[in-house]
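Work through the exercises below with the model open. Try each task before you read its solution.

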Amino acid sequence: MFINMHTEPARWKLTHDEKKAAEAAFTGGPSNPEWSESARKVYDGIATVIGKASPALLSEHELEPVEGLA
């Protein structure tokens, strides 16, 4: 039996607070307690992947604008 597997990555739009959380995580900014649970997960996930890397290592020209993630 063969299963047809979808090979394209899942695409979804981030909410406003998820975008703010992603931006803060990439730039080394603090978490905001007013963000939704999903925004906190975005922040925590990015912060975990980046790890202890200094935010200074990520210059603005290396970061893709959050709006470009569609």
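The exercises go from the whole chain to single residues.

This is a predicted model, in which local features need pLDDT of at least 70 and side-chain atom pairs count only at pLDDT 80 or more, while totals for chains, interfaces and linings use all residues. Residues are numbered from 1 along each chain as its sequence is written, and side-chain values use heavy atoms, with hydrogens and water left out.

**Exercise 1. The chain**

Task: Find how many helices and strands the chain has.

Solution: Take helices as DSSP runs of H or I, at least four residues, and strands as runs of E, at least two, numbered from the N terminus. The chain has two helices and zero strands. Next, burial: buried means under 20% relative accessible area, exposed over 50%, partly exposed in between, with a 1.4 Å probe and protein chains only. Of the 70 residues in the chain, 19% are buried.

**Exercise 2. The core**

Task: List the residues of the largest nonpolar core.

Solution: Look for buried Ala, Val, Leu, Ile, Met, Phe, Trp, Tyr and Cys residues joined through side-chain atoms within 4.5 Å. The largest such core has nine residues: Ala21, Ala22, Ala24, Ala25, Trp35, Ala39, Val42, Tyr43 and Ile46. Helix 1 and helix 2 (37-50) each supply at least two residues of this core. Now take Ala24. Apart from neighbours within four places in sequence, Ala24 is in contact (heavy atoms within 4.5 Å) with Gly29, Pro30, Trp35 and Tyr43.

**Exercise 3. A buried charge**

Task: Which side chain of opposite charge is nearest to Asp17?

Solution: Start with the place: Asp17 is in helix 1 (residues 16-27). The nearest opposite charge is Arg40, 7.2 Å away. Asp17 is buried and has no salt bridge. A polar atom of the Asp17 side chain does lie 2.7 Å from the backbone nitrogen of Ser36. Beyond four places in sequence, Asp17 is in contact with Trp35, Ser36 and Ala39.

**Exercise 4. The salt bridge**

Task: Which residue forms a salt bridge with Glu37?

Solution: Apply the rule: a side-chain nitrogen of Lys or Arg within 4 Å of a carboxyl oxygen of Asp or Glu. The count comes to one salt bridge. Glu37 pairs with Lys41, the closest N and O atoms being 3.5 Å apart. Both lie in helix 2, four residues apart, about one turn of the helix. Glu37 and Lys41 are both exposed.

**Exercise 5. Thr48**

Task: Is Thr48 buried or exposed?

Solution: Thr48 is in helix 2. Thr48 counts as exposed because its relative accessibility is 62%.

Definitions and conventions: Lys and Arg count as positive and Asp and Glu as negative; His and the chain ends are not counted. A polar contact is a pair of N or O atoms within 3.5 Å; within protein, one must be able to donate a hydrogen and the other to accept it, and residues adjacent in sequence count only if both atoms are side-chain atoms.
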